[in-house]
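Here's a quick briefing to read with the model open beside you. Have a look at the fold and then work through the topics below.

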Amino acid sequence: MADMRDPIETGCPDPFQYMHPMMRRNFGLWAYHEDPRPGVLLHVAKNGDKLWTIKAGTQRILDLFTLRTLCQIADDYSDGFIRFTIRSNPEFFVTEESRVEPLIEKLEEAGFIVGGTKNSVTTLSHTQGWLHCDIPGTDASGVVKSMMDELIDEFKVSEMPNRVHITTSCCQINCGGQGDIAINVQHTKPPKINHDLVANVCERPTVVARCPVAAIRPAMVNGKPSLEVDEKKCICCGACFPPCPPMQINDAEHTKLAIWVGGNHSNARGKPTFQKLVAAGIPNNPPRWPEATAIVKRILAEYKAGARDWERVGEWIERIGWPRFFELVELPFTKYHIDNWRGARKSLNASAHIRF
Amino acid sequence: MAINKHHTPMLDQLESGPWPSFISGIKRLRDEHPEERINKMTNDLLGQLEHSYETRKGYWKGGTVSVFQYGGGIIPRFSEVGHAFPESKEFHTLRVQPPAGNHYSTDMLRQMADSWEKYGSGLVTFHGQTGNIMFIGTDTEQTQHFFDEINDYGWDLGGAGPCVRTAMSCVGAARCEMSCTNEQKAHRLLVNNFTDDVHRPALPYKFKFKVSGCGNDCQNAVERADFAVIGTWRDDMNVNQDEFKAYVGRKGRQHVIDNIITRCPTNALSLNDDDSLEVNNKDCVRCMHCLNVVPKALHPGDDRGVTILIGGKRTLKIGDLMGTVVVPFKKLDTEEDWEEIVELAEEIIDFWAENALEHERCGEMIERIGLVNFLEGVGVEVDPNMVNNPRESSYIRMDGWDEEAVKWFDRQAEAS
Ligand code: SF4
Ligand code: SF4
């Protein structure tokens with residue numbers, strides 16, 4: 001190890017060295033912004049400086065050719081700077097209005113999609129999936145690609161009542177987070193345990209402790225130390241799978257998708273909210289997941305038709321009520337929609353408030 | 001040299017349609033990249049992915065891979081079907097910390113692309129859900145070489161495992177008129193104070209910092225950060241009445257009433273007869289709605305600072321939690337202010353590291369021990385901003401009431 005190089009522990013780099021000069025100059029000095037057209041923001045600084053931001057959608061898993069294409073476009077049209085949004089959309093910058101249209105044309109000619117600003121359906125945020133996660137029940141990039149193919153028109157315009165954030169998660173840990181609409185894996189059968197491997201691969205007390213409902217206990221199986229799951233108690237969450245891969249939770253048939261709505265991280269109007277279950281039992285159907293997309297489109301269509309300006313999906317439903325929502329989107333309301341987890345009482349209607 | 005390309009009928013279906021296709025991108029690396037190593041690696045990656053699509057199963061397993069002197073930052077991936085897809089049988093991801101606010105020059109992006117081309121698969125994502133640049137796909141040996149090279153020109157690994165994770169901050173002051181703080185400074189000061197805890201996982205579980213410049217919370221900090229910093233202000237909001245009246249003139253009074261006045265969560269707004277806006281700043285909760293609707297006329301006040309919420313997280317293990325207000329307002333002007341926020345973070349991480357169960361997030365610990373015990377542990381006084389409402393259950397022992405009441409009045413006296 002004598003010739004190993006010591007790391008330089010610099011942590012998070014200073015962004016000013018990579019920042020468009022107009023942003024550097026006006027740091028903390030912006031006056032207001034406008035939305036001249038979908039995909040474009042215009043920020044005006046207190047000194048009158050104007051910066052147009054052009055936002056594009058990409059495949060997110062970028063090959064180096066695509067990354068270099070983005071760089072070339074930025075060099076030719078936007079002073080050599082790019083910023084990425086939290087939903088992985090690259091942003092390009094120009095300081096003269098006349099340079100906006102040529103940049104948009106160039107981006108579109110190169111196959112990128114300009115949009116995703118204001119009250120559009122912006123790019124689905126996605127996790128890793130089969131491409132490179134170790135516990136995924138589904139793919140993420142493929143789901144996002146399939147859905148964006150269908151939702152692209154709503155990405156390119158800003159015609160929703162408010163912005164729509166859609167997320168995916170390929171396990172129930174839900175690292176995709178909260179979304180106006182979330183498409184998440186939902187397992188429906190307990191893990192299948194490969195008892196031959198447990199003793200070698202898993203720290204049994206850790207796995208026992210990981211289960212949210214205490215359904216796992218140590219056991220001897222075929223003369224070997226292993227684990228046992230109380231299948232009546234098991235909620236099929238998959239929490240035991242990461243620390244113990246022999247507890248295989250993913251299943252070609254029984255791993256399904258569920259759709260949740262009304263998650264919102266903004267504090268605008270109401271406090272931030274968690275998403276709520278609306279549909280489950282949806283087949284995990286590669287390569288294009290048509291069943292899940294159809295439900296998402298139905299929800300979006302009703303939201304677009306029925307919500308008032310500025311209402312996010314969750315606020316719209318809060319106003320019209322859940323019974324009406326289920327009726328509009330033609331989804332069944334089942335016993336599984338009624339929460340029985342911690343704090344569930346808070347979600348029960350303890351009033352005479354009923355809509356007719 | 002020609003390679004034996006895997007047949008990928010399912011993935012091929014993801015090449016049609018108008019949205020850019022990641023499959024086409026991977027195929028370009030397989031078919032057009034001059035480097036044979038990359039052609040072969042991406043070919044086998046496609047082969048394994050097709051196998052996943054056919055069988056509806058993932059085939060990566062974790063392991064232990066790190067770089068010299070670090071314990072984290074790499075997501076190890078070993079294929080369970082490596083015999084069939086040997087060229088991508090090790091396909092680790094390097095998590096690299098982006099600059100605060102995700103700004104890049106193309107020179108820098110190209111330099112990183114050149115390095116990644118030498119050592120990796122040629123696939124990269126800006127950014128993963130935690131906020132890292134994800135360099136996806138390289139083997140154990142090249143992991144070290146790639147890191148050495150990019151570390152030399154200013155890039156460091158992020159967190160993976162039970163450690164302080166890569167932080168995130170919004171574009172903020174760099175390009176947003178709603179920004180109430182220096183997001184990038186907060187981001188870097190906080191996370192870079194814990195560099196050792198980022199690189200050497202030794203905490204109960206992950207710990208995330210996220211910074212948003214206002215209540216719009218573009219970084220989802222309340223929802224998914226253990227330590228959320230949200231910009232806000234405590235004086236009156238700035239109203240440009242001329243701009244506001246012009247807006248009313250353009251849009252009409254009904255539009256303004258329906259979209260602004262009646263949408264304020266605390267009824268803090270009123271439309272005057274002369275089309276100017278009256279704001280009851282005592283009732284306003286800085287939700288950002290009215291400012292979002294008329295960004296030309298309404299702006300945060302001048303006495304700015306941040307609200308700090310602790311304990312946001314995703315589902316595992318006890319269910320999703322939002323962060324809870326622990327510091328209702330903190331100025332971040334002087335160097336002393338900035339030191340104090342870092343000290344608070346240290347205090348919280350130390351207390352959590354000592355008191356959490358294994359694999360327990362900070363918010364889960366607070367849920368288990370109660371907010372009051374947590375506050376006492378980290379030396380923060382109770383404040384009515386921390387609750388939606390006072391307790392509803394009488395089942396509590398309150399024989400310390402008189403002393404606690406005195407403390408409150410003493411603090412009030414001190415503050416005034
Ligand atoms: S799937 Fe979840 S509930 Fe079932 S045994 Fe595993 S951890 Fe427990
Ligand atoms: S910021 Fe929100 S709470 Fe404050 S006045 Fe505007 S709408 Fe009301």
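Buried residues make up 51% of the 356 residues in chain A, where buried means 20 or more other C-beta atoms within 10 Å of a residue's own, exposed 12 or fewer, and partly exposed in between, with C-beta atoms placed from the backbone. Keep in mind that this is a predicted model: local features need pLDDT of at least 70, side-chain atom pairs count only at pLDDT 80 or more, and totals for chains, interfaces and linings use all residues. Residues are numbered from 1 along each chain as its sequence is written, while chains are lettered from A and ligands numbered from 1 in the order in which they are written.

**Chain A overall**

- Chain A has 9 helices and 15 strands; these are DSSP runs numbered from the N terminus, H or I of at least four residues for helices and E of at least two for strands.
- The C-alpha trace of chain A spans about 75 × 75 × 35 Å along its principal axes.
- Take the contacts in chain A between residues at least 6 apart in sequence: 64% of them join residues at least 24 apart. Two residues are in contact if their C-beta atoms, placed from the backbone, lie within 7 Å.

**A helix pair in chain A**

- Helix α4 (residues 141–156) of chain A and helix α7 (residues 290–306) of chain A cross at roughly 20°, and their axes come within 10 Å. Axes are lines fitted to C-alpha atoms, for helices over the stretch in contact, and angles run from 0 to 180 degrees between N-to-C directions.
- That angle makes α4(A) roughly parallel to α7(A) (under 35 degrees is roughly parallel, over 145 roughly antiparallel, 65 to 115 roughly perpendicular, and the rest oblique).
- On the α4(A) side the contact uses A:Ser146, A:Met147, A:Glu150 and A:Glu154, and on the α7(A) side A:Thr293, A:Val296, A:Lys297 and A:Leu300.
- By class, that contact of α4(A) with α7(A) has 3 nonpolar, 2 polar and 3 charged residues. Ala, Val, Leu, Ile, Met, Phe, Trp, Tyr, Cys and Pro count as nonpolar, Asp, Glu, Lys and Arg as charged, and the others, Gly among them, as polar.

**Where the chains meet**

- 104 residues of chain B are in contact with 93 residues of chain A.
- α4(B) supplies the largest share of chain B's side, 8 residues.
- The buried residues of helix α2 (residues 22–32) of chain B include B:Phe22, B:Ile26 and B:Leu29. The buried residues of α2(B) pack against elements of both chains, among them α4 of chain A and α3 (36–55) of chain B.

**A helix pair in chain B**

- Helix α4 (residues 106–119) of chain B packs on helix α5 (residues 140–152) of chain B at about 160°, with the axes 9 Å apart.
- That makes α4(B) roughly antiparallel to α5(B).
- B:Met112, B:Ser115, B:Trp116 and B:Tyr119 in α4(B) meet residues of α5(B) including B:His145 and B:Phe146.

**Around the ligands**

- Ligand 1 is surrounded by 16 residues, and the closest are A:Cys211, A:Cys234, A:Cys237, A:Ala239 and A:Cys240. A residue is near a molecule or strand if its C-beta atom, placed from the backbone, lies within 6 Å of it.
- The shell around ligand 1 has 14 nonpolar, 1 polar and 1 charged residues.
- Ligand 2 has 14 residues around it, the closest being B:Cys264, B:Cys284, B:Cys287, B:His289 and B:Cys290.
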